[in-house]
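User: I have a model open and want to learn how to read its features. Could you take me through them?

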Amino acid sequence: MLKSDSFIFLLGAGASCDAHIPISSDMMKNVEELVISDEKWRKYRDLYYCIKSGIVNAAGIKGIFSPDAVNIETIVNTMEELLKSYGHPLYPFIGSWIPRLTELCGENLINIRELKTLILDKLCNVWTKCETSEDYEYYNNFFNFQKEYTFPISIFSLNYDLCLEKSIGEVNIQRGFGFDHIWHWENLDESSTIEEPIILYKLHGSIDWKKTDTGEIKESEKIIPEETAIIFGTAYKLQYVDPFLYLVNVFRKKTLSSNTKGIICIGYSFNDEHINGMLSQALKKDENKKIISVAPVINEAEERNRIKKINEEIANRIQFIPEKAKAWLDSLNCKIIEDLLGENDDPF
C-alpha cells in the first residue's frame, strides 16, 4: 500500500511532447531553418554556425561524438558565457578571441545579444506556448491520481512550459508563491502546512517567472523573454541563488530520502549531468531504490547503452516503460504505482 512520500515524479521535455511542445533537438532544427529562410534571423546565420561548430569541436576533444553534444541549451549557455567577454574569469588565459568569432559578434557583442533575444522570444512565445486546453489536458491526470492517492504528490519539472499549471489550475498547485505572487521558500517548507494537493518544483524556472528589481522572483501574467527567470540546464551550470538553489536541494533531499522508494521519470532523456549526479547518489545509497523511465523507447538495449555512456549507475538500475507521457498518464492509478514500487502487498 502506498505511503506518503513513497515516490516522486521528474518531468523532462518528453512529458510535454503530446502537448505539442517541441523537445530541444526540434528547437534546434527550427533555429537552423530560421537562420536560412527568415530575413530577421538570416544576419546571424554565420554567428550561429560558428558557435555551434565550436561546441561540437569541444565535445569531440573530450571524446563525445553524439548529436546530444549540442542543443538549444548549450547554444544559449555558450552565448551567455561569450557575453561576459573581458569579465569572464578565464579570459586572461585564453589570450585572444577567435578572429572570425570576434568579427561575427559585432560591436560590443551586439549580434550575440540580439540572437539570444530572438531565441528566448521563440522559446517563451512560440515553442512553449500551449495552444488549446485539449493539448495539455492529460496533465490533469496528476490531480485525478492524487485524489485517489490522498497524500500530496511532489512533481519536479525541468520544463519551462505551463502545461501542468494550466491543466490543473493554480488553486491545486503550490509552486512557492504566496498571495503577493513573490516566491518564498517558506511556502514549500514541509515543516509548514501545505494545503495544495500538488507541489510543483520547477528546477529550471518557468516562462512566467520574472526577476524583480530587488532580485526577487515574481509570477507574471505578461511574459517578457529578456526578464524571464529560467536556467538553460543545470548540467552546464548551477546558479547558487534562490529559488534555484533551494529547489535543487529539495530534489536532492527527496531522492536521498529512505521514504522515497521510486523516482518516476516521465519524458526525461538523462542528459542533465547535475540531475543525473543526484539520481546516482540516491541509487548508491539505497540498493532497493528504483528509477522508472516513462518514454517511448523502441529498443531498450540501445537506450540502456546510450544512458550507460552518460551514467552507468543509472543505466544499470533503470526500469523502462515504453509509453508516451499522455498514454501512461491517462491510465495512471495507485495500483500501477504500487506494482512498480513493489508495495502492493498490504500486511493488514
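User: Does Asn 172 count as buried or exposed?

Analyst: Buried means under 20% relative accessible area, exposed means over 50%, and partly exposed lies in between (1.4 Å probe, protein chains only). Asn 172 has 16% relative accessibility, so it counts as buried. This is a predicted model, where local features need pLDDT of at least 70, side-chain atom pairs count only at pLDDT 80 or more, and totals for chains, interfaces and linings use all residues. Residues are numbered from 1 along each chain as its sequence is written, and side-chain values use heavy atoms, with hydrogens and water left out.

User: Where is Asn 172 placed, and which residues is it in contact with, beyond its neighbours within four places in sequence?

Analyst: Helices (H or I, at least four residues) and strands (E, at least two) are DSSP runs, numbered from the N terminus. Asn 172 sits in the loop between helix 10 and strand 3 (173–174). Contact means heavy atoms within 4.5 Å. Beyond its neighbours within four places in sequence, Asn 172 is in contact with Phe 143, Glu 196, Pro 197 and Ile 198.

User: What do the totals for the protein chain say about burial and contacts?

Analyst: The chain has 348 residues, and buried ones make up 51% of them. Take the contacts between residues at least 6 apart in sequence: 76% join residues at least 24 apart. The chain holds 16 helices and 10 strands.

User: Ile 198 came up as a contact of Asn 172. What is the bridge partner of Ile 198?

Analyst: Two strands pair if DSSP finds at least two bridges between them. Ile 198, in strand 4, is the bridge partner of Ile 153. Strand 2 and strand 4 run parallel, joined by 5 bridges. Strand 2 also pairs with strand 1 (residues 7–11), in the parallel sense, over 3 bridges. There, Leu 10 stands opposite Phe 156.

User: Why is strand 2 largely enclosed by the rest of the structure?

Analyst: Count its buried residues. In strand 2 (residues 153–157), 5 of the 5 are buried, so the strand is largely enclosed by the rest of the structure. Ile 153, Ile 155 and Ser 157 point one way, while Ser 154 and Phe 156 point the other way; all are buried.

User: Which strands make up the open sheet with antiparallel pairing?

Analyst: That open sheet has 3 strands, in the order 6-5-7. Strand 6 (217–219) and strand 7 (228–230) are the edge strands, each pairing on one side only. Strand 5 (residues 205–211) pairs with strand 6 in the antiparallel sense over 3 bridges. Within that pair, Lys 218 of strand 6 is the bridge partner of Lys 210.

User: How many cavities of 30 Å³ or more does the structure hold?

Analyst: Rolling a probe the size of a water molecule over the atoms shows where empty space is left. On a 1 Å grid over the protein atoms alone, a cavity is a set of points where a 1.4 Å probe fits but cannot get out; a pocket is an open set with protein on both sides within 12 Å along at least five of seven lines; lining residues have an atom within 4 Å of a point. Grid points are joined across faces, edges and corners, and a volume is the space filled by probe spheres set on the points. The structure holds 2 cavities of 30 Å³ or more. The largest cavity has about 50 Å³ of space. Its lining includes Leu 11, Tyr 139, Ser 157 and Asn 159.

User: What about the second largest pocket: which residues lie nearest its centre?

Analyst: They are Leu 162, Lys 166, Asp 208, Ser 220 and Glu 221, out of 17 lining residues. This pocket has about 460 Å³ of space. Helix 7 (110–127), helix 10 and strand 5 each give two or more residues to its lining.

User: What is the phi of His 20, and what is that of Phe 270?

Analyst: Most residues other than glycine have a negative phi, and most peptide bonds are trans. Phi of His 20 is near 65°, a positive value. Phi of Phe 270 is near 60°, also positive. His 20 is exposed, at 57% relative accessibility, whereas Phe 270 is buried, at 1% relative accessible area.
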